[in-house]
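Subject: Handover of a structure and notes on its architecture

Dear colleague,

Please find the structure below, together with the notes that I have prepared on it. I would be grateful if you could read them with the model open.

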Amino acid sequence: MKKWIIRIAILLFCISGGIYIWLGEDIKHGAQPLANGTATYMIVLGAKVKPNGVPSLALRNRLEESIDYLTKYPHVKVIVSGGQGSDEDRTEASVMLDYLVQRGIPAERILVEDQSTSTYENLLFSKELLPEATKQITIVSNDFHLQRAKYLAKSLGFEVDVVVAKTPKSVETKLRIRERAALLKTYILGY
């Protein structure tokens, strides 16, 4: 009986390890295809906001990449998407709006979605702000997060390209481990 328990434990360990590695490789595919200005709208996905409306480093990286992209492609409009977490003193979208406007992006190019509390809601609620026939979008997020965001966007009928923001080294390991679990949940549940 003990041998069977050990064999089952080893088998489960190997399966879990295989899934972990597969998800890690899948996350790497999120960084493609790179956006080239084809889509008229881009969505910047929210991330943690610190007290007094200070964007976390992950969010700041997303915003800096957005500014570069919006400067390069002046015809693109942007949706800043993110609600207010229980530990945040304002919505992520309001912080993103202020950040972009203070750095020269005209407010009339920015749409605000400030009700979402998850990546799926970011995309679902942002879709309501888009012209009805819009199929192509650009998503801006950190590299670890893009595969799941693309999967969810495609489930909502979008064709997606991406702008990749770097993940802060200080939280990279934690976020990549957590993202594997979130990606697996998304693949299983569909959201």
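How are H2 and H3 oriented to each other? This is taken up below, after a word on the model and its overall make-up.

**Basis of the notes**

This is a predicted model, in which local features need pLDDT of at least 70 and side-chain atom pairs count only at pLDDT 80 or more, whereas totals for chains, interfaces and linings use all residues. Residues are numbered from 1 along each chain as its sequence is written, and side-chain values use heavy atoms, with hydrogens and water left out.

**Overall make-up**

The protein has six helices and seven strands. Helices (H or I, at least four residues) and strands (E, at least two) are DSSP runs, numbered from the N terminus. In order from the N terminus, the elements are α-β-β-β-α-β-α-β-α-β-α-β-α. Along the principal axes, the C-alpha atoms fill a box of roughly 70 × 40 × 25 Å.

Of the 191 residues, 44% count as buried; buried means under 20% relative accessible area, exposed over 50% and partly exposed in between, with a 1.4 Å probe and protein chains only. Contact means heavy atoms within 4.5 Å. Among contacts between residues at least 6 apart in sequence, 73% join residues at least 24 apart.

**Helices H2 and H3**

To return to the opening question, H2 and H3 are oblique to each other. Their axes come within 10 Å and cross at roughly 45°. Axes are lines fitted to C-alpha atoms, for helices over the stretch in contact, and angles run from 0 to 180 degrees between N-to-C directions. Angles under 35 degrees count as roughly parallel, over 145 as roughly antiparallel, 65 to 115 as roughly perpendicular and the rest as oblique.

The crossing of H2 and H3 is right-handed. A crossing has this hand if the near helix is turned clockwise from the far one by less than a right angle, and is left-handed if anticlockwise. On the H2 side, Leu59, Arg60, Leu63, Glu64, Ser66 and Ile67 take part, and they meet Met96, Tyr99 and Leu100 in H3.

Helix H3 covers residues 92-102, and Glu92, Ala93, Val95, Met96, Tyr99 and Leu100 are buried in it. Seen down the axis of H3, these buried residues fall within an arc of 160°, so they line one face of the helix; the arc is that of the directions from the helix axis to the C-beta atoms. They pack against strands E1 (41-45), E2 (49-50), E3 (54-55), E4 (77-81) and E5 (110-113), and against helix H2 (57-72). Just after H3, Gly104 has a positive phi of about 100°.

Leu59 lies in helix H2 and is buried, with a relative accessible area of 0%. Leaving out residues up to four places away in sequence, Leu59 touches Leu45, Gly46, Ala47, Lys48, Val49 and Met96.

Ser56 is in the loop between E3 and H2. At 9% relative accessibility, Ser56 counts as buried. Beyond its neighbours within four places in sequence, Ser56 is in contact with Ala47, Lys48 and Lys50.

**The sheet**

Five strands form an open sheet in the order E5-E4-E1-E6-E7, with parallel pairing. The edge strands are E5 and E7 (159-165), each of which pairs on one side only. Neighbouring strands of this sheet are turned by 25° against each other on average, direction ignored. Two strands pair if DSSP finds at least two bridges between them. E1 and E4 run parallel and are joined by five bridges; Val80 in E4 is the bridge partner of Val44.

Helix H5 (residues 146-155) and helix H6 (residues 172-189) pack at an angle of about 20°, with their axes 10 Å apart. H5 and H6 are therefore roughly parallel to each other, and their crossing is left-handed. Gln147, Arg148, Tyr151 and Leu152 of H5 make the contact with Glu179, Ala182, Leu183, Thr186 and Tyr187 of H6.

Lys3 is found in helix H1 (residues 2-28) and is exposed, with a relative accessible area of 62%. Lys3 and Gln147 are 144 residues apart along the chain, and their C-alpha atoms are separated by 40 Å.

With kind regards
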